[in-house]
Amino acid sequence: AVPSPAGRAPVVMRGDDLVVAEIPCGSGGHSSVTLIARSESTSAPLAILSPASGVAAAAHDRLLKELWASVPDSSVSGGRGARFRLHADPGGDATCDGDFFSPAQHERLLSFVRERVFDAWRSVTPELRSLAGSFELFNPALGANMGWHQDGHAAGELVAHYYLAADDEDMAWAEVALPPAPPSEGEAEAPGFDFSCAVDFGSSDELSRGVAASNFVAVGCGADTAAQPICVFEDSAVLHRTPLTAAGKPQLQSRRSRPMARLVFYGTDADGATLRFPPPHSAPQALRAAAPRLPEGLVRVLCEFGMKKRGWTGKSRGPAAETRLRYEALMEPYAGRYFSEALDSYVAGGQEAVAFVGARAAALAAELEAEAEAEAEKLKAARVAA
């Protein structure tokens, strides 16, 4: 997403097709709400909420992992959840339909939703009075979720993702696209995404229609899940997918290796009208030319993909000095031709990109297996010598 500024004043940045504003909030201005939208938007369909308190964030993280650990291993997709309703006056907060959780866990869950979502949203939308929705723990499946898609929620309904495992640096981010809206009646047809239909992962034409690097956003989770920003998006206004790197992980769901918490909710004002996040260009500061950053893990994959396009055939891990120089040379011109081509193919879900991440994952697995076997042989030899 967007790096925090040195100061804490509102900062607004513009990408190729997107306007991005980071607005400090919370006690002492240590957290922020990052709003992302197309320049013509009247609201922000994508928001990134950073945690306000390290202590509270760690407690929330422990709760979510505790809840996930209670899901039986036989339930690979999870599915345990609860419904909640929060108000400006916390005395009216409540959860229901959550028989899986204890009363204490319900209270902690309400605290998580209030501190990480309600308070952050209200800091940029003061008229927010109530927030209602559902909470679910699950593990995404492999396959269709790697295609750009929507979940079918109504306009105004927001979805928030919180990832419970960030040890896989090749998937430690969320992917969202904000393609142009389809033309209104009477307007000429323009390139863009048809929001009325789902995208078939196997259809490369539909997959790439309207989605481009210029409207692609990858929200990094970071190594510490408690410190991760929460990615919130309006499902009916954007597209999202499981990172394409999942193509190299055929047992993603059966091994429960990408557990996450998902909130689906809507907010209302005192009159019951549905609210959205404000547009980023409403932030009180002049626009600045800058592009959102990509997570380091994704940059690494794209650099290796770009090097493959150059004809690089070295190993994916432990590069020699010459290979390291070539790797750094490719990273230096961040928007260089090979990197840009790799990013374009990755975002579009091109067959070349899918084949690359699959082959890359297989090569990494083979290298790890060889290293494990070599280590086992060393231990065996040491025991014999002893």
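Visitor: Let's start with strands. How many bridges pair β8 with β13, and in which sense?
Guide: Strand β8 (residues 158-163) and β13 pair over 6 bridges, in the antiparallel sense. Keep in mind that this is a predicted model.

Visitor: Which residue in β13 is the bridge partner of Tyr162?
Guide: Tyr162 has Ala261 of β13 as its bridge partner.

Visitor: And what does β7 do with β13?
Guide: Strand β7 (residues 130-138) and β13 are also antiparallel, with 9 bridges. One of the pairs there is Ala132 with Tyr266 of β13.

Visitor: What about β14 and β13?
Guide: That pairing is antiparallel and has 2 bridges, with β14 covering residues 274-275. Thr268 finds its bridge partner in Thr274 of β14. The hairpin formed by β13 and β14 has 5 residues between the strands, and Gly272 there takes a positive phi near 85°.

Visitor: Why call β13 largely enclosed?
Guide: Because 8 of the 9 residues of β13 (residues 260-268) are buried, the strand is largely enclosed by the rest of the structure.

Visitor: OK, zooming out. How many helices and strands are in the chain?
Guide: The protein chain has 7 helices and 15 strands. It has 386 residues, and 47% of them are buried.

Visitor: What share of contacts comes from residues 24 or more positions apart?
Guide: They account for 76% of the chain's contacts with a separation of 6 or more.

Visitor: What is Leu86 in contact with, leaving aside neighbours within four places in sequence?
Guide: The list is Asp93, Leu110, Val113, Arg114, Phe118, Arg129, Ser130 and Leu131. Take Leu110: it lies 24 residues from Leu86 along the chain, and their C-alpha atoms are separated by 7.8 Å.

Visitor: Switching to helices. At what angle do α4 and α6 cross?
Guide: Roughly 110°, with the axes of α4 (residues 296-310) and α6 (residues 337-348) coming within 8 Å. That makes α4 roughly perpendicular to α6, because angles of 65 to 115 degrees count that way.

Visitor: Left-handed or right-handed?
Guide: The crossing of α4 past α6 is right-handed.

Visitor: Which residues make the contact?
Guide: From α4 you have Leu298, Val299, Leu302, Cys303, Phe305, Gly306, Lys309 and Arg310. From α6 you have Tyr338, Phe339, Glu341, Ala342, Leu343, Ser345 and Tyr346. By class, the contact of α4 with α6 has 10 nonpolar, 2 polar and 3 charged residues.

Visitor: How many bridges join β9 to β10?
Guide: There are 5 bridges between β9 (residues 173-177) and β10, which run antiparallel. Within that pairing, Trp173 stands opposite Gly220 in β10.

Technical notes. Residues numbered from 1 in each chain as written. Predicted model: local features only at pLDDT ≥ 70, side-chain atom pairs only at ≥ 80, totals over all residues. Heavy atoms only, no water. Axes fitted to C-alpha atoms, helices over the stretch in contact; angles between N-to-C directions. Helix = DSSP H or I, 4+ residues; strand = E, 2+ residues; numbered from the N terminus. Parallel < 35°, antiparallel > 145°, perpendicular 65-115°, else oblique. Left-handed = near helix turned anticlockwise from the far one by under 90°. Contact = heavy atoms within 4.5 Å. Nonpolar A, V, L, I, M, F, W, Y, C, P; charged D, E, K, R; others polar. Pairing = 2+ DSSP bridges. Buried < 20%, exposed > 50% of the residue type's maximum accessible area, 1.4 Å probe, protein only.
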